[in-house]
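Visitor: Hi! Could you walk me through this structure?

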Amino acid sequence: MTRRKAVGLAFVLLMPLLFAACPRNNPPPRPRAAISTSSRPAPTAAPIVAAFNGERAMDHVRKQVDFGPRPPDTPQLAKTRAYIANELRSYGLTVSFDEFSATTPQGEKKMANIVGEIAGETKTLILIASHYETKYYKDMHFVGANDPAASVATLLEIGRVLGSRKEKPRVTYRLVFFDGEEAFCEGWDDCGAENPDNTYGSRHYVSQLHARKELGNIAALILLDMVGYKNLELGRDTLSTRWLQDIIWQTGRELGHGKIFVDREEGIGGDDHEPFLSAGVAAVDLIQLSSYPHWHKADDTFDKISAQSMKIAGETVLASLPKIVARVAPKEKE
Ligand SMILES: [Zn+2]
């Protein structure tokens with residue numbers, strides 16, 4: 001009841017803005033022409049809130065795979081970055097880049113995290129993230145359809161759905177696409193304990209949040225990593241924050257995906273949520289590692305991915321957000 005009133009008031013207050021060429025309400029035409037429109041809902045006169053579209057996510061996977069292997073500091077990753085940024089802008093999100101230089105076992109590499117923001121009524125931040133580069137291999141044509149193209153695609157669709165909503169959200173959402181998650185050396189810890197050869201982008205982003213005194217505003221990080229496999233099954237990563245994981249797993253089951261959100265433990269060693277956990281931020285990783293047979297192999301290709309799997313992961317995250325917000329951003333407005 002009170003929430004409805006608040007929403008109505010917010011709408012009235014926002015009315016002038018709605019007519020002032022707000023990009024969220026007047027998204028520019030989509031730059032891509034070659035996309036099949038057959039699977040999209042027919043446009044209606046009334047403004048519609050977008051629903052997660054698995055076929056659009058498949059298009060995003062195909063596009064990334066077509067760029068070829070996409071390790072850090074390559075023209076292929078630059079193309080991927082431009083593609084992601086253009087998509088986010090077309091959904092009305094505010095895009096920025098967190099650029100930096102990383103010292104790696106292969107020397108200095110230019111990297112850039114991509115951030116798409118939807119401003120909310122409060123400074124409270126919920127981050128939803130994926131890495132977007134592929135692991136470097138000297139002798140393997142590795143295109144990473146699941147690792148990470150499918151999680152990037154899912155995150156883009158989540159961004160489109162969130163960007164289509166008319167009401168300003170209570171919290172601010174940031175979609176973060178990390179560069180440099182993968183190790184340059186074969187193994188995660190093969191080349192350095194003091195200077196880790198992994199999670200370059202997420203570690204840099206956390207350091208930036210710390211420098212800008214924003215860390216305290218972050219209520220939760222939801223990380224997607226390998227969520228597109230045809231035979232999707234997500235076990236519980238043992239590092240993740242339990243209450244946050246419980247909300248998502250419970251929501252997945254309520255949506256009828258009990259066979260996907262299972263209770264077995266998923267031991268992963270580390271991922272982009274770790275720097276956040278170390279900084280005291282609640283974080284959860286949705287990852288299918290142990291039961292994805294094509295992990296870090298040349299056959300991590302488009303044919304392993306399904307629209308349905310990405311839709312399940314994306315819809316579950318979207319449906320979990322109100323519950324997470326209710327927990328982390330109670331009624332106060334600022
Ligand atoms: Zn990987």
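**A chat about helices and strands**

Guide: Let's start with helix H3, which lies across E1, E2 and E4 and runs at about 10° to E2. Keep in mind that this is a predicted model.

Visitor: Which strands does helix H5 lie across?
Guide: Helix H5, residues 200–211, lies across E1, E2, E3, E4 and E5. Its direction is at about 115° to E1.

Visitor: And in what order do the strands of the sheet come?
Guide: The order is E1-E2-E4-E3-E5-E8, and these six strands form an open sheet with mixed pairing. The edge strands are E1 and E8, each of which pairs on one side only. On average, neighbouring strands are turned by 20° against each other, ignoring direction.

Visitor: What holds strands of a sheet together, in general?
Guide: Strands of a sheet pair through backbone hydrogen bonds, and the pairing can be parallel or antiparallel.

Visitor: Do E2 and E4 pair in the parallel or the antiparallel sense?
Guide: Antiparallel: strand E2 (residues 107–118) and strand E4 (residues 172–178) pair over five bridges. Within that pairing, glutamate 117 has arginine 174 in E4 as its bridge partner.

Visitor: How many bridges join E5 to E8?
Guide: Five bridges join them, and E5 and E8 run parallel. Leucine 221 stands opposite alanine 283 in E8.

Visitor: Why is E8 largely enclosed by the rest of the structure?
Guide: Because five of the five residues of E8 (residues 283–287) are buried. Ala283, Asp285 and Ile287 point one way, while Val284 and Leu286 point the other way.

Visitor: New topic! At what angle do the axes of H4 and H8 cross?
Guide: They cross at roughly 45°, and the axes of H4 (residues 145–163) and H8 (residues 307–328) come within 10 Å. That makes H4 oblique to H8. The crossing is right-handed.

Visitor: Which residues make the contact?
Guide: On the H4 side, they are Ala150, Ala153, Thr154, Glu157, Ile158 and Val161. H8 brings Met310, Ala313, Gly314, Val317 and Leu318. By class, the contact has eight nonpolar, two polar and one charged residues.

Visitor: Back to H3: where is arginine 89 found?
Guide: Arginine 89 is found in helix H3, residues 75–90.

Visitor: Why does arginine 89 count as partly exposed?
Guide: Because arginine 89 has 17 C-beta neighbours inside 10 Å, and a buried residue would need 20 or more, an exposed one 12 or fewer.

Visitor: How far apart in space are arginine 89 and arginine 160?
Guide: They are 9.6 Å apart, C-alpha to C-alpha, and 71 residues apart in sequence.

Terms used:
Residues numbered from 1 in each chain as written. Predicted model: local features only at pLDDT ≥ 70, side-chain atom pairs only at ≥ 80, totals over all residues. Axes fitted to C-alpha atoms, helices over the stretch in contact; angles between N-to-C directions. Helix = DSSP H or I, 4+ residues; strand = E, 2+ residues; numbered from the N terminus. Parallel < 35°, antiparallel > 145°, perpendicular 65-115°, else oblique. Left-handed = near helix turned anticlockwise from the far one by under 90°. Contact = placed C-beta atoms within 7 Å. Nonpolar A, V, L, I, M, F, W, Y, C, P; charged D, E, K, R; others polar. Pairing = 2+ DSSP bridges.
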